[in-house]
Amino acid sequence: MRLEGVTKTYPNGKQALIEVDLVIPEGDFIFLVGPSGAGKSTLIKLLVRDEKASEGRVEVAGHDLGRMKKRDVPRLRRRIGIVFQDFRLLPRKTVYENVAFALEVTGTPRKLMDPAVVRALALVGLTEQARQRPNELSGGEQQRTAIARAMVHDPRLIIADEPTGNLDPLISWEIIQLLLRINEMGTTVMMATHDAEVVTALRRRVVALEDGRVVRDEVGGYHREY
Amino acid sequence: MHFLRFSVRQSLQGLWRNRVMNIAATVTMILMLLMLAALVILISGVESGLEYVESKVEVTAELHDGVLEERIAELQTRVEALAEVASVTYTSKEEALAAFLAARKAEGQDTSVYTGLNNPLPAYLTVELRNPRESGAVTEILRAETGLVRFVPDQQTGIDKLVSLTSQLRNLGVVVLGFAGLTVLLIVINSIRMALMARAQEIEIMRLVGASDRYVRWPFILEGVFIGITGAVITLLLLLVASPPISDLASDIAGSVPLGFDSSLTLQIMGIVLGAGLGLGGLGAWISVRTYLR
């Protein structure tokens, strides 16, 4: 994953990212930090081709996203798993169905679906809860369902946008542990977060954004200055 | 196969969740399709009536009393030579009276009241035309023979009136149907838009996990198609129930005129109703998906 001189200007003239250079090697675990409005969400949108860079080059898994045709976007997204702060589960579907949905809508043959769903649920430890609906689950379990859904395609990259934002500290740790385990299995993980404690404790690579620029990119804590 | 099953299941679910709006759309569709079918039946009825009347068109020239037979024969030969004329028959005063009396007798009247009176009926020439629409020229030629011909009743005006009535009926029908069709289209568009809004979250998730566009769009287009097909099938069932009384009514009004209410018209109506329902449903859904799904 590579960004070269990437600037994103929205139609209203707001510059969300300015001249961002960033290289994330396969298998990395990085934190993306910075205050609200610093450009974290825009960066994520560029990586999944929800938005296009105004200038510069965005490359994911060898594909130049600026040149990618619209009909090739779904295939890209199957190689990236996304997790959000608000889980985004379908309330009428069970845990199993929520995870299977990601395979169903991408045309996966039925006989391949079940083993993949079972594997993803085992990975996040929700085998027992497979028949429950999201409203019967705790926040942590809901987020684990969302992670299972993100993992069911065996993606090369997981992008987690504030995955612990709605969870209490103990549960947050569970989710982080899960993401670390996924990373250890070889999947690149990028996690955007406000959670200073987690970032500082883990001593991983931290990319800090402020006003659309990368102000820091090193292994270490949340805030260098304090 | 997987795609088809997925799309059908999603669209049926969508139809159920948004059922009030979809019933409204279907009912409007039925009303419009009934109007369409009625117009087709009406126009086809009037046209076959018109055809029947036209096929019976012949120009009759009533002759003055007491003209020389040679002059009549000469006129007859001259008219027969015209390109648009199939045949010319001469009927004498006596034959005319005989035919008149025979007709009264057939109606069961007492013809004795006519005996002893002077024969008031004129002799006449009957001109059969090759093309019933071309009676004008023949009428003019016969009318010019003022010494021989007393009166040529005007057939053409009646037919012209009927023809223009048919085309006016058709125009009016097309305009009314146009508006009805537009209403149906707008209602389908709105109905599918509601379905899209109700599933906004699902659509977003589908896109995030990498569903291709056809998986996102086709369930909604199928919803429109289902509304159209349901409307068309119900319309056809209603017509099936209503067709015997309509047929009876039509033959009561038209009498001996054969109305074209036959199997070819039935097939035609089935085709038009199904086609219009399917087309409007699919088109409305397609427009909605194109407009509201970025």
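Where in chain A is the place of A:Arg88? The residue sits in the loop between β6 (80–84) and α3 (95–104) of chain A. This is a predicted model.

**Two residues with positive phi**

Most residues other than glycine have a negative phi. A:Arg88 is not a glycine, yet its phi is positive, at about 55 degrees. A:Glu19 is not a glycine either, and its phi is positive at about 45 degrees. A:Glu19 belongs to strand β2 (residues 15–23) of chain A.

A:Arg88 has 17 C-beta neighbours inside 10 Å, so A:Arg88 counts as partly exposed.

| Residue | Phi |
|---|---|
| A:Glu19 | about 45 degrees |
| A:Arg88 | about 55 degrees |

**A residue in chain B**

Now turn to chain B. B:Phe6 lies in helix α1 (residues 2–17) of that chain. B:Phe6 has 17 other C-beta atoms within 10 Å, so B:Phe6 is partly exposed.

Which residues does B:Phe6 touch, not counting residues up to four places away in sequence? B:Phe6 touches A:Glu104 in chain A and B:Tyr215 in chain B. How many residues apart in sequence are B:Phe6 and B:Tyr215? They are 209 residues apart in sequence. In space, B:Phe6 and B:Tyr215 are 8.0 Å apart, C-alpha to C-alpha.

Key: Residues are numbered from 1 along each chain as its sequence is written. Chains are lettered from A and ligands numbered from 1 in the order in which they are written. This is a predicted model: local features need pLDDT of at least 70, side-chain atom pairs count only at pLDDT 80 or more; totals for chains, interfaces and linings use all residues. Helices (H or I, at least four residues) and strands (E, at least two) are DSSP runs, numbered from the N terminus. A residue is buried if 20 or more other C-beta atoms lie within 10 Å of its own, exposed if 12 or fewer, and partly exposed in between; C-beta atoms are placed from the backbone. Two residues are in contact if their C-beta atoms, placed from the backbone, lie within 7 Å.
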